[in-house]
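Here are my notes on this one, written as numbered points. Have a look at the model and read along.

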Amino acid sequence: MQGNNKSVLILGGGLAGLTAAKRLTDRGFSVTLLEKRSIYGGKVSSWKDEEGDWIESGTHCFFGAYDVLYDLMREIDVYQSVLWKNHRLTYTLAGGKSFTFNTWELPSPLHLVPAIVNNRYFTFREMLSFSKSLIPLALKKDKYPPSQDHLTFSAWAKQHKFGDRLLEKMFRPMALALKFAPPEEISAKIILDVTEAFYRIPGASCMGFLKGAPQQYLVGPLQEYSRARGARFFPGAAAEMLLYEGGEVTGVRLANGDVLSADYYLCALPVHNLNRVLPVSLKQEQTFFGNLDKLKGVPVISVQIWYDRQITPEDNVLFSPDGVIPVYADLANTTPDYKVLRGKPHIGKSRFEFCVAPAKELMSLSKEEIIDRVDRNIRSCYPDSSGGAKILKSTLVKIPSSVYAPLPNMEQYRPTQRTPVSNLFLAGGYTQQLYYDSMGGAVMSANLASEEISRAAEAI
Ligand SMILES: Cc1cc2nc3c(=O)[nH]c(=O)nc-3n(C[C@H](O)[C@H](O)[C@H](O)COP(=O)(O)OP(=O)(O)OC[C@H]3O[C@@H](n4cnc5c(N)ncnc54)[C@H](O)[C@@H]3O)c2cc1C
């Protein structure tokens with residue numbers, strides 16, 4: 001630990017802000033964190049409703065590729081709370097059919113052979129034309145996806161002629177699950193990057209779930225780690241404006257009018273919130289900040305439904321191309337602590353959590369209308385087991401601006417963690433790092449921002 005006596009004010013208590021609080025406290029900085037909500041965790045937050053049931057901002061799957069997240073979880077002793085599921089991706093279709101991509105425990109790319117030859121849905125011809133489209137990816141590796149950022153994934157797929165069925169049934173739910181945006185909007189770079197990671201790293205597409213609520217197994221322990229080491233946390237403290245004078249940030253004005261100052265400022269806010277606290281003069285002065293207006297958040301809705309019976313025994317993440325539930329899971333199977341309803345055991349019965357997307361057109365609908373759409377979707381995927389099933393409880397969370405929208409040509413506007421202002425730094429899933437806007441991305445951005453702040457402090 002360095003005892004450097006320098007202070008850092010962190011705005012935002014999501015995964016990026018909390019990770020930075022840990023990293024900077026470990027390095028001997030005096031850390032204060034402001035969070036506008038009464039709870040921490042941002043997009044990975046969870047809370048108990050009035051009936052004692054955990055509600056989550058959204059289903060969070062832990063991808064095998066997020067090494068930086070697992071390093072962090074080991075450091076705070078919660079890694080054992082990730083329950084790794086069988087290495088397979090299952091797609092459920094309207095009418096009750098499904099198909100599965102399995103993998104083998106073999107070095108890359110042989111691990112993908114069963115997915116290509118034995119998924120029992122796509123023909124060998126379809127998989128062959130798809131495999132051909134990946135030749136540039138295999139040859140140029142990580143250099144290839146950035147060169148395709150100008151195209152939507154649909155446009156890229158059309159150029160490579162691998163057929164509508166693969167696009168609609170496999171890649172539509174994948175795009176919606178990853179970034180809540182459909183293939184005709186999402187940049188080809190994102191899907192190609194993820195495909196490249198799945199191709200190169202055998203465990204990258206393996207999924208894990210937490211044993212229970214993120215608040216208990218990730219967010220709470222992460223905050224407690226830094227609090228116990230002297231970091232100060234202020235919930236319900238919304239930053240209103242960064243004060244900027246003489247080429248430096250001089251303080252932060254809060255919504256209640258208080259002004260706080262520190263040696264360094266780290267904004268770990270979603271990009272739409274960052275845009276509100278940046279002074280207009282700074283945006284006009286520096287294109288680095290002015291460009292951030294180009295990054296927008298994607299809407300998404302999370303729905304939970306408890307049924308009076310088990311609809312599926314599947315203990316893993318599930319995808320569905322047909323309807324508005326591209327990715328979902330039966331938490332009563334995946335998440336042991338969640339076999340409960342209103343304080344009573346909910347065993348042998350389903351408790352689904354759905355990511356509902358694309359959500360743009362659905363945001364104005366009532367809770368009842370959205371639940372009805374989701375309920376009809378899930379019944380169409382499981383016509384036999386859902387017959388006569390009754391809904392015991394449903395909940396809904398609308399997030400108008402969630403992760404940043406990775407549309408074509410947006411990559412160039414993602415900022416680095418270091419900014420042109422010497423005492424102002426950025427962290428968050430939207431900033432430049434390997435994993436996009438994800439838990440891995442939030443942690444990596446915080447690691448990079450903390451390194452930059454340490455470097456700035458050492459340079460004095
Ligand atoms: C429905 C859903 C499902 C997801 N599923 C997955 C998944 O399966 N796997 C995965 O890896 N990722 C998933 N993600 C993405 C992941 O949750 C995010 O990428 C990550 O949590 C972003 O963390 P962050 O700290 O950058 O931002 P945030 O979590 O948005 O944190 C920012 C914080 O800043 C606070 N804030 C905002 N304005 C102010 C202000 N003015 N003053 C003070 N505080 C402020 C916010 O309240 C928030 O707590 C999902 C996201 C959603 C919405």
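1. Let's begin with contacts. Among those in the protein chain with a separation of 6 or more, 71% link residues 24 or more positions apart. Keep in mind that this is a predicted model.

2. Now the overall build. The protein chain has 15 helices and 22 strands. Its radius of gyration is 22 Å, close to the 23 Å that the globule rule gives for 460 residues, so the chain is as compact as a globular protein of that length. Along the principal axes, the C-alpha atoms fill a box of roughly 65 × 55 × 40 Å. Of the 460 residues, 45% are buried.

3. On to the ligand. Which residues come nearest to it? Out of 40 residues around the ligand, they are Gly12, Gly14, Ala16, Gly42 and Gly58. Two or more shell residues come from each of α1 (15–26), α10 (271–277), β15 (300–307) and α15 (439–458). The largest share, 4 residues, belongs to α15.

4. What is that shell made of? By class, there are 18 nonpolar, 17 polar and 5 charged residues around the ligand. Domain 1 (7–36 + 236–295 + 411–458) and domain 2 (45–103 + 205–212 + 299–400) each supply at least three residues to the shell.

5. Three strands form an open sheet in the order β5-β9-β6, with antiparallel pairing. At the edges sit β5 (62–63) and β6 (82–84), each pairing on one side only. Strand β9 (residues 207–210) is joined to β6 by 3 bridges. Here you can find tryptophan 84 opposite glycine 208 in β9. In general, strands of a sheet pair through backbone hydrogen bonds.

Note on methods
Residues are numbered from 1 along each chain as its sequence is written. This is a predicted model: local features need pLDDT of at least 70, side-chain atom pairs count only at pLDDT 80 or more; totals for chains, interfaces and linings use all residues. A residue is near a molecule or strand if its C-beta atom, placed from the backbone, lies within 6 Å of it. Ala, Val, Leu, Ile, Met, Phe, Trp, Tyr, Cys and Pro count as nonpolar, Asp, Glu, Lys and Arg as charged, and the others, Gly among them, as polar. Domain bounds come from an automatic or database domain assignment. Two strands pair if DSSP finds at least two bridges between them. The radius of gyration is taken over C-alpha atoms; the globule rule is 2.2 Å times the number of residues to the power 0.38. A residue is buried if 20 or more other C-beta atoms lie within 10 Å of its own, exposed if 12 or fewer, and partly exposed in between; C-beta atoms are placed from the backbone. Two residues are in contact if their C-beta atoms, placed from the backbone, lie within 7 Å.
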